[in-house]
Amino acid sequence: MLERLDDTPAYVLNARHDILAWDPLAAALMTDFAAMPARERNVIRWLFTSPVAGRYPGDAGIAELVAEVSARSPLFARLWESGEVGIRRSSRKRMKHPVVGPLELHCDVLYLPERDQRVVLCTTTPGTPSHEALKLLRVVGTQDLASR
């Protein structure tokens, strides 16, 4: 499915928020995942430590991840302690890409309960500067990632 989404950045997450698979446009948008160690391909680690796991209390990998991120991020520790867990089906994200500039993305999550995975699709509103920037990123691809 990811291979057929040539104009939509998309990636697949597991319950720990490890990125398991991605398409070329997701790599161009965020980072060259293939160049990273598998352990570093984790959305929670990025979100709370860079310059929903409550359903798996017995998972040692999740416990290790939560302990590591809690020790490095007081914000994450507070949020984790609150115990509020939910599945986010959609969100809007703003980012400044180093090559194409500011982007406003609509991120929709397709939940795959039989595999306990999520497919995240990032789109833009047609006719907006973000849409034009994403079209440019599709052309530029990952060629400039090494210089970041």
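This is a predicted model: local features need pLDDT of at least 70, side-chain atom pairs count only at pLDDT 80 or more; totals for chains, interfaces and linings use all residues.
Leaving aside its neighbours within four places in sequence, which residues is S91 in contact with?

View 1. Residues are numbered from 1 along each chain as its sequence is written, and side-chain values use heavy atoms, with hydrogens and water left out. Beyond its neighbours within four places in sequence, S91 is in contact with L105, H106 and C107. Contact means heavy atoms within 4.5 Å. S91 sits in strand β3, residues 90-97. Helices (H or I, at least four residues) and strands (E, at least two) are DSSP runs, numbered from the N terminus. The relative accessible area of S91 is 16%, so S91 is buried. Buried means under 20% relative accessible area, exposed over 50%, and partly exposed in between (1.4 Å probe, protein chains only).

**View 2. The cysteines C107 and C122.** The sulfur of C107 has its closest cysteine sulfur in C122, 3.6 Å away, which is too far for a bond. C122 is likewise in no disulfide. A disulfide here is a pair of cysteine sulfur atoms within 2.5 Å. Searching the whole structure gives zero disulfides. Both cysteines are buried: C107 has a relative accessible area of 3%, and C122 one of 4%.

**View 3. Strand β5 between its partners.** β5 covers residues 117-123. It pairs with β1 in the antiparallel sense through four bridges. V12 stands opposite V119 of β5. β5 also runs antiparallel to β4, over seven bridges. There, D108 faces L121 of β5 as its opposite residue. Two strands count as paired if DSSP finds at least two bridges between them. Six of the seven β5 residues are buried, so the strand is largely enclosed by the rest of the structure. V120 shows the surroundings residue by residue. Leaving aside neighbours within four places in sequence, V120 is in contact with P9, A10, Y11, L13, C107, D108 and V109.

View 4. Most residues other than glycine have a negative phi. D116 has a positive phi near 50 degrees and is not glycine. It lies in the turn of the β4-β5 hairpin, which has four residues between the strands. D116 is buried, at 12% relative accessible area. H17 also is not a glycine, yet has a positive phi of about 70 degrees. H17 is in the loop between β1 and β2 (19-22). With a relative accessible area of 14%, H17 is buried.

**View 5. The nonpolar cores.** The largest nonpolar core holds 20 residues. Y11, F33, L103, V120 and L137 have the most contacts inside it. β1 (10-13), α1, β4 (101-112), β5 (117-123) and α5 (129-140) each supply at least two of its residues. α1 gives the most, with five. A second, separate core has seven residues, among them I44, I62, V66 and V69. A nonpolar core is a set of buried Ala, Val, Leu, Ile, Met, Phe, Trp, Tyr and Cys residues joined through side-chain atoms within 4.5 Å. In soluble globular proteins, nonpolar side chains tend to be buried together.

**View 6. Aromatic pairs.** The structure holds three aromatic pairs. F33 and W46 have ring centres 5.7 Å apart and planes at 15 degrees, so the pair is stacked. Rings of Phe, Tyr and Trp (its six-membered ring) pair if their centres lie within 6.5 Å; planes under 30 degrees apart count as stacked, over 60 as edge-to-face and the rest as tilted. F33 is in the loop between α1 (24-29) and α2 (43-49), and W46 is in helix α2, so the pair ties together parts 13 residues apart in sequence. F33 is buried at 0% relative accessible area. W46 is partly exposed at 24%. Ring pairs link W22, F33 and W46 into a cluster.

**View 7. The F76-W80 pair in helix α4.** The ring centres of F76 and W80 are 5.7 Å apart with planes at 20 degrees, so this pair is stacked. The two residues are four apart in helix α4 (residues 74-82), a separation of about one helical turn. F76 is buried, at 6% relative accessibility. W80 is partly exposed, with a relative accessible area of 32%.
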